[in-house]
Amino acid sequence: MSMSPKYIFVDLDETLISTTFVGRTRPDTGGMAISYIQLIGNETEEVDYYRVRLREGARMLLNELRAVAPEHVRLLTAAQRDYAEAINTLYQFGFSTDDIHSREDMRAGNLTARDFPAGDVYLIDNLPRHENRVKIDYLRAITDGDINYIKVAEYVGHIENDFAFGDIQGILDAINRK
């Protein structure tokens, strides 16, 4: 087993949560326990509403990952920063601002491998690896290690795709195997 640090990057949409854009009118929940976030558009100043569902087991997964790699678990999303920060706050995922790598970060390319000294790098995502070139290229630019890809089932809000104990253990086994 490797003794070098582990850097774990976890995708947001369809990995930890499921989100649907519902429009520019505040939705009526009808008393149902559904969470919504609202974001004000930078260019339009209009409010966008999103229905968000937390994947059962997502927080447990993050807690287990933090036990494996204290201080080295990050959120990596193709979404905009304000959206990622709103979800992080809503579900109390515990990522600091510096722990969130968003669309803007990937485009800016401000970080380098010096920011993440040599270590084992993991990306946990719902997309097939060949559809995730932008994230993989970003990780190659900011880290100094091979990218270990862990694909999880896509989450679109259905119970059959929740993270069960076995799913979380499988992810941990893949990380600890190296």
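**Salt bridges and nonpolar cores**

R81 is buried, at a relative accessible area of 19% (buried denotes under 20% relative accessible area, exposed over 50%, and partly exposed in between, with a 1.4 Å probe and protein chains only). The model is predicted, so that local features require pLDDT of at least 70 and side-chain atom pairs count only at pLDDT 80 or more, while totals for chains, interfaces and linings use all residues. Residues are numbered from 1 along each chain as its sequence is written, and side-chain values use heavy atoms, with hydrogens and water left out.

R81 forms a salt bridge with E85, the closest N and O atoms being 3.1 Å apart (a salt bridge is a side-chain nitrogen of Lys or Arg within 4 Å of a carboxyl oxygen of Asp or Glu). Both residues belong to helix 2, where they are four residues apart, about one turn of the helix (helices, H or I of at least four residues, and strands, E of at least two, are DSSP runs numbered from the N terminus). E85 is partly exposed, with 26% relative accessibility.

By this criterion, six salt bridges were counted. One of them joins D99 to R74, with 3.5 Å between the closest N and O atoms. Because D99 lies in the loop between helix 2 and strand 6 (100-101) and R74 in strand 5, this pair ties together parts that are 25 residues apart in sequence. D99 is buried, with a relative accessible area of 17%, and R74 is buried as well, at 12%.

Within helix 4 (residues 133-142), D137 and R140 are three residues apart, about one turn of the helix. They form a salt bridge whose closest N and O atoms are 3.8 Å apart. D137 is partly exposed at 43% relative accessibility, and R140 is partly exposed at 44%.

The largest nonpolar core contains 31 residues, of which L16 and L65 touch the most other members (a nonpolar core is a set of buried Ala, Val, Leu, Ile, Met, Phe, Trp, Tyr and Cys residues joined through side-chain atoms within 4.5 Å). At least two residues of this core come from each of several elements, including strand 1 (6-10), strand 4 (47-54), helix 1 (58-68) and helix 5 (165-176). Apart from neighbours within four places in sequence, L65 is in contact with I8, V10, V73, I124, I171, L172 and I175 (contact means heavy atoms within 4.5 Å). A second, separate core of 13 residues includes F9, L76, M106 and L123.
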